[in-house]
Amino acid sequence: MTRLRPLALLLLPLLVGCATYATIGNQPLTSAAAAAPGYDMGQVGVEGRRDDVTLALAFSGGGSRAAALAYGVLLELRETRVGAAREHRLLDEVDAISAVSGGSFTAAYYGLHDEATFRDFEPGFLRRDLNADVLQRVLNPLRWFTPEGRTAAAATLYDTTIFKGATFADLQRRGGPLIVINATDLEAGTRFAFLQEHFDLLCSDLRGFPLAQAVAASSAVPVLMEPVVLENHAGCAPPALPQPPADSPQLQQVVEGLRSYADKQARRYVHLADGGLTDNLGLRAFQETIDLAGGLRAFLRKIDRAPNGHLVMISVDASGNAAAGLGLDRRAPSMLQAIDVMSDVQLHRYNAATLEQTQASLQRWARGVSTPEQAVQPWLVTLTLRDIADPALRQRLAKVPTGFSLEPAQADELIAAGRALLRDNPDFRRLLEALGGTGAASSTK
């Protein structure tokens, strides 16, 4: 099986000293386009979705390992029934999915295909060796005489084989939950979301932008892949930005990054890379959006929604464990292994801080919308490979490389693990009890 690390080693001679010029894929925002509804936060309140629970999912990065784990969670939500009076699938309660890198493949595919995801996603993505496909395209001698870079080659492959030319306009027409694909603005050092709110700052229209390019940006690992480049167009009135609270340095940094797009000369181009650089869990998209709106009540009012009795976030964390077994060997780790281990240490510490902050935010938001007549209960359900009960399985899945290729047994185990982690999670079981749910009958599809 092709791995990400061997792929990087093979490509290393091609990476050194090679400069590429990106093809700009985002179009200016015309007056007619500006007047029409865009793919933005208003999609959370789209008609036809159930509104018994406010439910958001966050899919982490981690290559196909993350994509398979997230897919397993979607399967379990599809089989979980809630509502004693009007029984329905808990999957139909999902309002938004925020995703990063590998998790963005699952989120985008589900947003685009809805129920057909459970028929086509496994053969179309999870059972496919994308590492080999990308490598074949990158090493094709015919490509050497074109300006196409590695990320552009990958995006073209994703577009032709997975997303079939789909754009955000197609995603908008589906009317499903809002899909937030997150990348990192390298110059500003802040999260960039493929939503019209962010594209308005670039005077650009998101609707015609290919889903494959957004996913490629979200998963563009630095050094191995070049950033996806957007043009910061001029010619539109910049939208008003909120004033961040004085006691929140994090939100101040976010707004400062957003304001930087107003300088069309200094920031003519925006370079987007792996979303995991700024938030590998995908949870900060919800935190930043709601807090900058002035709290949950103000945000719900903005999207024409009302509070309900339950505010739920499910975090699907596919972080691995590169340091596993390090203490059994007296030899010093290799340079590549040391880089993996150091990245994991930083990632786990940052993830822990993000989860702690999310828990506090959920409680604060729930208090802000609760009334004497209706108390809103906050729920944070965290699913991680570290919670797998079987130690052998836990270690095996945590060591699956962060690439875009899985062996058949790995895909099977990751999908089953996603289902079991959700089904057996104590907080999720308490949530089901509160919702009058029955849970999935079995772990089979």
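Which residues of α4 are buried? In this predicted model, the buried residues of α4 are Gly102, Gly103, Ser104, Phe105, Thr106, Ala107, Ala108, Tyr109, Tyr110, Gly111 and Leu112. The points below take up this helix, then a pair of helices in contact, and then the nonpolar core.

**Helix α4**
- Eleven of the twelve residues of α4 are buried, so the helix is largely enclosed by the rest of the structure.
- With twelve residues at 1.5 Å a residue, helix α4 (residues 102-113) should span 16 Å, and this agrees with the 17 Å that separates its end C-alpha atoms.
- Asp114, which lies just after α4, takes a positive phi of about 55 degrees.

**Helices α17 and α18**
- Helix α17 (residues 408-424) and helix α18 (residues 426-435) have axes that come within 5 Å and cross at roughly 60 degrees, which makes α17 oblique to α18.
- On the α17 side the contact is made by Leu422, Arg423 and Asp424, and on the α18 side by Pro426, Phe428 and Arg429.
- Sorted by class, the contact of α17 with α18 has three nonpolar and three charged residues, but no polar residues.

**Nonpolar core**
- The largest nonpolar core has 121 residues, of which Leu77, Phe163, Phe168, Phe194 and Ile314 touch the most other members.
- Helix α3 (residues 63-79) gives the most to this core, contributing ten residues.
- Leaving aside residues up to four places away in sequence, Phe168 touches Tyr39, Ile181, Phe194, Leu206, Arg207, Phe209, Pro210, Leu211 and Ala214.

How values were computed
Residues numbered from 1 in each chain as written. Predicted model: local features only at pLDDT ≥ 70, side-chain atom pairs only at ≥ 80, totals over all residues. Heavy atoms only, no water. Helix = DSSP H or I, 4+ residues; strand = E, 2+ residues; numbered from the N terminus. Expected span 1.5 Å × (residues − 1). Buried < 20%, exposed > 50% of the residue type's maximum accessible area, 1.4 Å probe, protein only. Axes fitted to C-alpha atoms, helices over the stretch in contact; angles between N-to-C directions. Parallel < 35°, antiparallel > 145°, perpendicular 65-115°, else oblique. Contact = heavy atoms within 4.5 Å. Nonpolar A, V, L, I, M, F, W, Y, C, P; charged D, E, K, R; others polar. Core = buried A, V, L, I, M, F, W, Y, C linked by side-chain atoms within 4.5 Å.
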